[in-house]
Amino acid sequence: MDVLPQLPTTAVTHAAAAPTCTREESWRYTARPEWSSTGESMWMRLSKFSYCNRLSVIELSALFGAHRPDIESGVRDLRQANPWDLRAMATVLNASATDVLCGFCGNLPPILGHTATELRYCAACLKLGFHAAWFQWLTVERCPLHGLPLRVGCARCRLAIPYVLGHDLAATPLTCSRCGKLWIPRLGKPAGRCVPLGRRDARVLRRWCVYVRYVVDEEHQRCRDLTTGRFTAAMKRSSRAAAGTPLLTLVNRLFDVPPPLPMQLLARRDVHRHERFVSAERRSLPTTHRGVEFEREQWPHFAEEFVGYEHQVVRARCQLFAHATKECDSGRWQHLLESDVVVPTSAMQFETVAALGWAISWLGRTRALAPADSTSTPALGLTAWLACLAPREQSTHRGLRNKQVLEWLSEDLRLSAWMWLRIARFMQAKGGYLLNGAMVNLQDLANARRKESA
């Protein structure tokens, strides 16, 4: 997740501010940072700030906006961080740079069709005075903390709540402009205040913020036109319909806590334990393995080098998961191709899950789950891994480059097997398995190799 450098904060006095105070002068506004929780959306933070100060929409927009607002409306979108002065927000709201960034849907320009233009909220969270920016993504269906589906509109009169800094947020913050319902009842009491989330709940939602940001950024990078740098929204919608339920939706449905990310596993892996696992498996390795499974005539652009890399993937599958390879190749799990590859924990052992998940990551869903004698494609995960490696420099001999790639591939094959075992263990304790190859994103491993070779 992207983070800003730590921004200096200034003391904020709890006194009413003169509306004519300019941004160059000392800011004196009523701030209540103790009311907010880590990971809170900027819509909620600005609503609380507006509740305490009651500035006009023009004044609020001029105070926090990166550019001068539209004099007639002053309305600004709260989904993206680009229109905002993040340093001013951190200073006036007395928030850290990380909390400011978490208050928006993301740093990348979101495809507007994937984020809601009106507030999507958990009723229990809103009653406590909390809202997360990642609730706005349409692929998120429920609040993992309370298990409630996200809803829209005022709970009493169903009036839409715009997700902008606009007239309603300035004139009637945290209150329905039509029926007058106060969305945070504690604020309406004498000496009313908001109580931040408990430490455990805040930590869980913080993990979700990081996970959602990672998945969304990865999906947006994949739908960017590399020649122009623009996002291809139309192509994204069609591919999403063809691919089935998005990964984020499935994870949100199945788990109350997000699974570990590949980079998080890399940061805390136990190297010695990983090496013992690999060497223990190698003592009972089969000496044979199947060769190339796709028809070379059908895929003329996959040359001999790729065939050699694929041989290594197939061989590693037999080596790392010798106990489960036969079961995986029997076609027993072919019926999962018609589903979102979700399996109850009672259906298989976690070792089989790790073997299947690893094969899906490197070979692709169809090749990993269909019978061995069916028509197959090249190893699609391997293709993505190779595509993310740094290009060969002209001064590097082709043979030396091939040898280096084989070494990297051997290490990442073992490393990804270890990651899938860890993730399978995690899912075993949560009641369901999700066999999605993106759970261990091979592009992350390849990008790490790219940085090492830079």
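**Ground rules.** I am working from a predicted model, where local features need pLDDT of at least 70, side-chain atom pairs count only at pLDDT 80 or more, and totals for chains, interfaces and linings use all residues. Residues are numbered from 1 along each chain as its sequence is written, and side-chain values use heavy atoms, with hydrogens and water left out.

**Cavities.** I searched the whole structure and got six cavities of 30 Å³ or more. A cavity here is a set of points, on a 1 Å grid over the protein atoms alone, where a 1.4 Å probe fits but cannot get out; lining residues have an atom within 4 Å of a point. Points are joined across faces, edges and corners, and a volume is the space filled by probe spheres set on them. The largest cavity holds about 100 Å³. I listed its lining as Ala31, Arg32, Pro33, Ser36, Arg45, Lys48, Phe49, Cys52 and Leu93. Sorted by class, that lining has five nonpolar, one polar and three charged residues (Ala, Val, Leu, Ile, Met, Phe, Trp, Tyr, Cys and Pro count as nonpolar, Asp, Glu, Lys and Arg as charged, the others, Gly among them, as polar).

**Arg45.** I picked this residue from the lining of the largest cavity. Arg45 sits in helix α1 (residues 42–53); helices are DSSP runs of H or I with at least four residues, numbered from the N terminus. Is Arg45 buried or exposed? Arg45 is buried at 8% relative accessible area, where buried means under 20%, exposed over 50% and partly exposed in between, with a 1.4 Å probe and protein chains only. Beyond residues up to four places away in sequence, Arg45 touches Ser36, Ser37, Glu40, Leu93, Ala95 and Asp99 (contact means heavy atoms within 4.5 Å).

**Cysteines.** How many disulfides does the whole structure have? I found zero, taking a disulfide as a pair of cysteine sulfur atoms within 2.5 Å. For Cys154, the nearest cysteine sulfur is that of Cys179, 3.7 Å away. Cys154 is buried, with 1% relative accessible area, and Cys318 is buried as well, with 15%.

**Cores.** I counted a nonpolar core as a set of buried Ala, Val, Leu, Ile, Met, Phe, Trp, Tyr and Cys residues joined through side-chain atoms within 4.5 Å. The largest has 86 residues, and those touching the most other members are Trp134, Trp358, Trp362, Leu382, Trp385, Met427 and Met439. Helix α17 (residues 398–428) gives this core its largest share, 14 residues. A second, separate core has 41 residues, including Ala81, Cys157, Ile161 and Leu174. Back to Trp358: leaving aside neighbours within four places in sequence, its contacts include Val313, Phe321, Leu413 and Trp420.

**Val405.** This one belongs to helix α17 and is buried, at 2% relative accessible area. Setting aside neighbours within four places in sequence, I see Val405 in contact with Tyr309, Trp385, Leu386 and Leu389. Leu389 is 16 residues away along the chain, with 8.8 Å between the two C-alpha atoms.

**Positive phi.** Most residues other than glycine have a negative phi. Asn94, not a glycine, has a positive phi of about 55°. I place Asn94 in the loop between α3 (86–92) and α4 (97–102), partly exposed at 37%. Ala191 also has a positive phi of about 55°; it lies in the loop between α6 (167–171) and α7 (199–222) and is exposed, at 77% relative accessibility.

Technical notes: 1 Å grid on protein atoms, 1.4 Å probe; cavity = no way out; pocket = protein on both sides within 12 Å on 5 of 7 lines; lining within 4 Å.
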